[in-house]
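Subject: Structure handover

Hello,

Here is the structure I promised to pass on. Please open it first, then read the notes below.

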Amino acid sequence: MKRENERGAIILESTYCILVSIFVLMFLISFGFFLYQKTIVTVVANEIAEEVSQTYKLRNVQDSSSLSSSDISGIGKYRYLFFTKSFDSKNKAKAQNLADIRLTQTSLAKKEGNLSVDVKTVVDDIGRRHYEVTVRQKYSFLLGELLRVIGLQEVQTLEATAYVESVDVLNYINTVKVTKYGIDKITEYSDKSVVSASLKVIDTVISTLHSIFSIS
């Protein structure tokens with residue numbers, strides 16, 4: 001009788017251990033899918049940011065692997081002066097398309113809703129700018145209910161932001177040439193004393209702004 005009781009206790013204890021082990025295993029599987037998907041969104045955001053930095057000035061090029069000589073030679077000299085909004089909208093659409101393709105090919109979670117990709121351009125200096133690319137997508141995960149154990153939801157939005165610098169040498173050269181041309185023409189057709197006085201006034205204004213607003 002005693003042996004039977006001990007055997008029953010062992011069986012009951014084994015059953016509990018097996019159930020707990022199954023629960024832990026299922027949780028680890030679900031959490032693994034969550035970590036994988038979070039990593040994939042981050043990787044895709046970095047890849048898209050790199051593509052944007054390489055092809056931003058080429059509005060009609062889908063990615064850097066499809067570049068041709070005509071694409072390079074057809075770049076407008078003063079493109080950012082007249083077509084800024086066109087560059088922003090086309091690069092956002094391009095980034096959205098590339099992100100959708102790559103996430104579809106690599107995801108192990110179910111998409112819930114539409115993909116959102118934002119491309120923000122920040123001009124740092126003449127010919128220098130950087131881009132802020134944010135990829136945002138809502139997903140549901142396998143056995144996602146178990147994620148509530150650690151305070152996560154079974155359906156949640158994953159978001160990643162990548163930053164990348166871009167140097168546009170052609171834009172720099174064109175800006176410098178135009179500026180030099182304008183200064184030469186002013187110097188040629190204007191009184192040199194007036195030009196000198198104007199330049200001093202401009203220098204004074206810039207120095208004042210620098211001291212007040214700490215502009216570097």
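Contact here means heavy atoms within 4.5 Å. Leaving aside neighbours within four places in sequence, Ile-48 is in contact with Ala-95, Leu-98, Ala-99 and Val-133.

Some ground rules. This is a predicted model, with residues numbered from 1 along each chain as its sequence is written. Local features need pLDDT of at least 70, side-chain atom pairs count only at pLDDT 80 or more, and totals for chains, interfaces and linings use all residues, while side-chain values use heavy atoms, with hydrogens and water left out.

**Overall layout**

The chain has six helices and four strands. Both are DSSP runs, numbered from the N terminus: helices are H or I with at least four residues, strands are E with at least two. Along the sequence the pattern reads α-α-α-α-β-β-β-β-α-α.

Of the chain's 216 residues, 26% count as buried. Buried means under 20% relative accessible area, exposed means over 50%, and partly exposed is in between (1.4 Å probe, protein chains only). The accessible surface of the chain comes to about 14,500 Å², and 60% of it belongs to carbon and sulfur atoms. Those areas come from the Shrake-Rupley method with a 1.4 Å probe; for residues, only the protein chains shown count as cover.

Take the contacts in the chain with a separation of 6 or more: 66% of them join residues 24 or more positions apart.

**The core**

The largest nonpolar core has 29 residues. Ile-48, Val-52 and Leu-103 have the most contacts inside it. Such a core is a set of buried Ala, Val, Leu, Ile, Met, Phe, Trp, Tyr and Cys residues joined through side-chain atoms within 4.5 Å. H1 gives the most, with eight residues. In soluble globular proteins, nonpolar side chains tend to be buried together.

Ser-53 also lies in helix H1. Ser-53 counts as buried because its relative accessibility is 14%. Setting aside neighbours within four places in sequence, Ser-53 is in contact with Tyr-131, Val-164, Glu-165 and Ser-166.

**The aromatic rings**

A search of the whole structure finds three aromatic pairs. Rings of Phe, Tyr and Trp (its six-membered ring) pair if their centres lie within 6.5 Å; planes under 30 degrees apart count as stacked, over 60 as edge-to-face and the rest as tilted.

Phe-31 and Phe-34 form a stacked pair, 6.0 Å centre to centre with 25° between the planes. These two are three residues apart in helix H1, so about one helical turn separates them. Phe-31 is partly exposed, at 24% relative accessibility. Phe-34 is buried, at 8% relative accessible area.

Phe-34 also pairs with Phe-141: the centres are 5.5 Å apart and the planes are at 75°, so this pair is edge-to-face. The pair links distant parts of the chain, with Phe-34 in helix H1 and Phe-141 in the loop between S3 and S4, 107 residues apart. Both residues are buried. Phe-27, Phe-31, Phe-34 and Phe-141 form one aromatic cluster.

**One more residue**

Tyr-172 sits in helix H5 (residues 169-189). Tyr-172 is partly exposed, with a relative accessible area of 44%. Tyr-172 and Ile-126 are 46 residues apart in sequence, yet 5.6 Å apart in space, C-alpha to C-alpha.

Best wishes
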